[in-house]
Amino acid sequence: MPAVSKGDGMRGLAVFISDIRNCKSKEAEIKRINKELANIRSKFKGDKALDGYSKKKYVCKLLFIFLLGHDIDFGHMEAVNLLSSNKYTEKQIGYLFISVLVNSNSELIRLINNAIKNDLSSRNPTFMCLALHCIANVGSREMAEAFAGEIPRILVAGDTMDSVKQSAALCLLRLYKASPDLVLMGEWTSRVVHLLNDQHMGVVTAAISLITCLSSKNPDEFKTCVSLAVSRLSRIVSSASTDLQDYTYYFVPAPWLSCKLLRLLQCYPPPEDGAVKGRLVECLETILNKAQEPPKSKKVQHSNAKNAILFEAISLIIHYDSEPNLLVRACNQLGQFLQHRETNLRYLALESMCTLASSEFSHEAVKTHIETVINALKTERDVSVRQRAADLLYAMCDRSNAKQIVAEMLSYLETADYSIREEMVLKVAILAEKYAVDYSWYVDTILNLIRIAGDYVSEEVWYRVIQIVINRDDVQGYAAKTVFEALQAPACHENMVKVGGYILGEFGNLIAGDPRSSPLVQFNLLHSKFHLCSVPTRALLLSAYIKFINLFPETKATIQEVLRSDSQIRNSDVELQQRAVEYLKLSSIASTDVLATVLEEMPPFPERESSILAKLKKKKGPGAVSVELEDGKERGDYLSHSNGSSTPSPSADLLGLRSTAPASGATPSAGSLLVDVFSEAGPSATSAGVNDDGFLRFVCKNNGVLFENQLLQIGIKSEYRQNLGRMYLFYGNKTSVQFVSFNTTVSCPGELQSHILQLEPLVEGGAQVQQVINIECLTDFIDAPLLNIKFRYGGALQNISLKLPVTINKFFQPTEMAAADFFQRWKQLSQPQQEAQKIFKASHGMDTEVLKAKLLGLGTALLENVDPNPENYVCAGVIQTKAQQVGCLLRLEPNAQAQMYRLTLRSSKDTVSQRVCDLLAEQF
Amino acid sequence: MIGGLFIYNHKGEVLISRVYRDDIGRNAVDAFRVNVIHARQQVRSPVTNIARTSFFHVKRSNIWLAVVTKQNVNAAMVFEFLYKMCDVMASYFGKISEENIKNNFVLIYELLDEILDFGYPQNSETGSLKTFITQQGIKGQTKEEQSQITSQVTGQIGWRREGIKYRRNELFLDVLESVNLLMSPQGQVLSAHVSGRVVMKSYLSGMPECKFGMNDKIIIDKAGKGGVTNEAGKSTSGKQSIAIDDCTFNQCVRLSKFDSERSISFIPPDGEYELMRYRTTKDIILPFRVIPLVREVGRTKLEVKVVIKSNFKPSLLAQKIEVRIPTPLNTSGVQVICMKGKAKYKASENAIVWKIKRMAGMKESQISAEIELLPTNDKKKWARPPISMNFEVPFAPSGLKVRYLKVFESKLNYSDHDVIKWVRYIGRSGIYETRC
């Protein structure tokens, strides 16, 4: 760049600027600017020819005035004139003005483009550079249109100066980012890639930015760059620090170039060529080795440059995730940084370790640093580093160290920053659940969690405890005892009261034997918290009370007294009042049996993805996803939905009774029609998402919700005729973001044939799409077809596999027959392999209506007055397959006293008997 | 009520800061500086709300006076107070400038203590303030003097002390008006009003009772109906009475009497004070007529011709006449020719300024200018801002006339005839614009 000669100092400009700086007020400044503008206008009037110097000076002044925030509407012409000057400074100012003040004025653009073209084709490298800089600075579409063809030529031409090549590469990068459709590399691709071999390091550095950008868009075209990049990298890494002269930065050879090379390599999978791969591994090893060497300089720039390369190398190693040796070394290297003086290094080390922890090779290595990380969590001053430490602890947790980590996190929680508490709570809850070996530890942990950070414990966490306690009978007694003890603290969090109310209501009887926790003591303990709680909690407590009446008849009088009190029965809150009234009536009118049925222990919850995990995902997931939160009370909602009633307060409900019959006491049978009746009666009622268990729910029904999570809801509607079936799947996008590459496939067992109509790959946010599957049953079968759904949500690939609820009984054709007929056929099918029998305990209530509904749902005909014992049910049907028809007879004998069923099935084919029997046994 | 008062210099540095209420914190000082004084866009509204705090400001040359409050105060009251405050300061130390404020800051705090109590405005009458706040340092005051001041300040007539004696009883009456106009190029009046003040300077002995009369329509009608035989009044009432739209009086005027009898009677404060303020919109005498003629010759040239005509008695002389002709933003050169006065293109203000020292009534004068324009890329048309004018004339454009000012002092023996009275009319231009 030519030196600025003294004559180019532009005194006038300096004077003007100092005048402006000295202005006392805004008004004075505006006056001075107006005066200057008038002066420039009179100079630009055109009657006198201005020399290049004054033109440059005035254009400079205009630029300055523009940058102060005033409108400039003249002087463009003079600036364009400057472009054709032969003096560097004049040309430079002209380009500066154009880049800052360009507007899409057609005639001017033409002139500017012309001037740029002239400069590009000139042999003067500085002029070419100026023109390229201008194109890059403007970067508009018009510029791209005019020069996108020209620049690659300059970039790869053999006779172009190195400095021009650098500018051209960066200029092209800019144009490509602005309008990728106009920059077509096609023929230039290989020559651009070969720039990596250029002698001049500057050119390589500039070119690699361009290549990285291009190859991230179309990796295949630029595949060849991998080997070149590797060899370049190895040359840099193995060179002595003095070799590269200008490109050595504080004893580190070409740090920027190295980082960029490493980043380019992260666009590609590990190289397949063994030699290349070996060389790369060698490079990475050298980088790791160098990190171990003592620093050559005490300057911070030296260590920064070195660490930049190291971290880039580590992220490449993580990206490849295939070299256990390197992964472990990287982990060890990072481990040293964990206690480094520099906060930034500690942060970066923790962050990288987080990703390392998820790799199977380095997980163990990461775990060795647990003490250091825990220490960081406790002693670190910077909150963002503490957050990373917590993340890493979460990531490195597994069964072996869960107890330690959870304990540490719990103890940290007491002092944690408010901003990360909620996330910490969720993480503790998830880890506790995921790695719980014995569930009493789990219960202890969560109760501790509620005690320490009650405010941050979201609903999901305590729903989950209750789900787990209900599903595991081995911890129920322990949970009741612990909760009872926890509640004895003078001040306990409302969430604790909720958990306590629920668990004591269900399992209070398990600890009632101890005189210290006799029923009345339990009740009084709960009721002492009642007045301090919010309405939803009170509602839950009321439900717990009515459960107490069932569990401990001796408390009935006390509880009725409580329910009858004005503060309950005349409560201003409708929900509380309704509960109080209904429970009071229920307890006074219904007989003990009815009460026992209505207030039966909650059935186990279906297993599914932990709702807490879902919540954590949502917290970190892309965008705000509006999701109905799943919770433990779906059954309560379930009832209210199917009854078409609207109870707006979504409170956790023990009974799910809250909106059944208006006076449930008067019609106790309505109350005892538990869950599944409604699921059948209600037309395609909305139910909560169940993954594999959902399959079984569809044995006796054809419509409903098959699957539901935070993103997607899948509803199903199916119809069957003879051996053919048609299934409608409704995919509902529950988010506000569209799903892309939405794709579904069905894999069928050989006995079934299916035909699926493909869908559009896009599902808009909030939209629902329908898909039809046609199924033909060739012969009898056991395995259900699998539905596989893949889509991208916010860049993350989601993959869901579901069993489609196609079971053999769907192809039943009901057959009516008289008693004599039935028994005749029954006897015909008397061979032992034709019969399948099961005796099992009732898992739901033994209600006549429910049973009948289920048997009808099975697809068979329910035969009345056939069996001499009216308690028993008999059914008959024919299973239609393409190959054959299989007659099938069924007998179900309930035993109300023992709560047992005996189910007998006879059919002409042994596999069918067995399968139908297995399916049906799960239903009662 | 007022929470605090700050005075800033042009850089936004605080010169005076007086906080009356606890709800105003120190950050309010910065909030005003950042959001108003140093605002990116010039703040034109005198009232600014920042974070539930209201700032009322006026600007005097380079000085910002800002009142801060968190309550819902009467904005008109606040501005009245600010103007009064400016008047008081001006009467103590002349021009309000950074220098003067720095030199008198003890005095200003003293004044602020007196005229605002806990955010409620108190006596702001310069005359009475001067009796107990002086710039001469602490005067040894006797007990009697002190008790006299106390009884006077707290008494019924707080604005005048007793026992004033003058050898010559003299009073000066100034009618000061500013006339505002917006006229179309064709000479049609689009809007016009006069806002006027009657300022009095009285040097009267004792506790005189004054009665002021002017040619207000209602007063004269009332007098006519009341059957007061006043020949002069009757003969003039038909023609020369004027319609006053609204008026306000100094606190010394007995409003009850004005309401019942339409007579303006008062015991005047000593020294200079503003007796009344008024506004009229009808039958305004416009002292000057501006006839513009603008012709665009092609894209690069503009010819402007402006004629001004004086429209009052030939015997009167208008002074300090200034006509301001805006020029387009792309002006590159101006040639001006004028018969009378001096004209100059002021690039810093984007206007041609034409100044005439004196001009008699019923005369006319003209200026013509050739403006060269630079062709620009902008297609924006020049907005043609109006031509504005400044002047001073020795009559009241509203037509207001002082009919009498009678002075009665029963205790001391001087009669109305012994008082020397001076009346002066000055009409100035307010915003006096003609579109072109």
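**Close-up views: chain interface and helix pairs**

**View 1. Salt bridges between chain A and chain B.** Three salt bridges are counted between chain A and chain B (a salt bridge is a side-chain nitrogen of Lys or Arg within 4 Å of a carboxyl oxygen of Asp or Glu). Lys31(A) pairs with Glu349(B) in a salt bridge, with 3.9 Å between the closest N and O atoms. The model is predicted: local features need pLDDT of at least 70, side-chain atom pairs count only at pLDDT 80 or more, and totals for chains, interfaces and linings use all residues. Residues are numbered from 1 along each chain as its sequence is written, chains are lettered from A and ligands numbered from 1 in the order in which they are written, and side-chain values use heavy atoms, with hydrogens and water left out.

**View 2. The interface of chain A with chain B.** Chain A brings 19 residues to the contact and chain B brings 21 residues (contact means heavy atoms within 4.5 Å). About 1,500 Å² is buried between chain A and chain B, and carbon and sulfur atoms give 47% of that area. Buried area is the accessible area (1.4 Å probe) that two parts lose on being put together, summed over both. On the chain A side, Arg41(A), Lys45(A) and Asp73(A) lose the most area to chain B, together 38% of what that side buries.

**View 3. Helices α15 and α17 of chain A.** Helix α15 (residues 274-292) of chain A packs on helix α17 (residues 324-337) of chain A at about 20 degrees, with axes 11 Å apart. Helices are DSSP runs (H or I, at least four residues), numbered from the N terminus. Axes are lines fitted to C-alpha atoms over the stretch in contact, and angles run from 0 to 180 degrees between N-to-C directions. α15(A) is therefore roughly parallel to α17(A) (angles under 35 degrees). Among the contact residues are Val281(A), Leu284(A) and Leu288(A) of α15(A), and Leu326(A), Arg329(A) and Ala330(A) of α17(A).

**View 4. Helices α20 and α22 of chain A.** Helix α20 (residues 370-379) of chain A and helix α22 (residues 402-413) of chain A pack at about 10 degrees, their axes 10 Å apart. In α20(A), Ile370(A), Glu371(A), Ile374(A), Leu377(A) and Lys378(A) meet Gln404(A), Ile405(A), Glu408(A) and Tyr412(A) of α22(A).

**View 5. Helices α16 and α18 of chain A.** Helix α16 (residues 300-320) of chain A packs on helix α18 (residues 343-357) of chain A at about 10 degrees, with axes 10 Å apart. The contact includes Phe311(A) and Ile314(A) of α16(A), and Leu345(A) and Leu348(A) of α18(A).

Note on methods: Helix = DSSP H or I, 4+ residues; strand = E, 2+ residues; numbered from the N terminus. Parallel < 35°, antiparallel > 145°, perpendicular 65-115°, else oblique.
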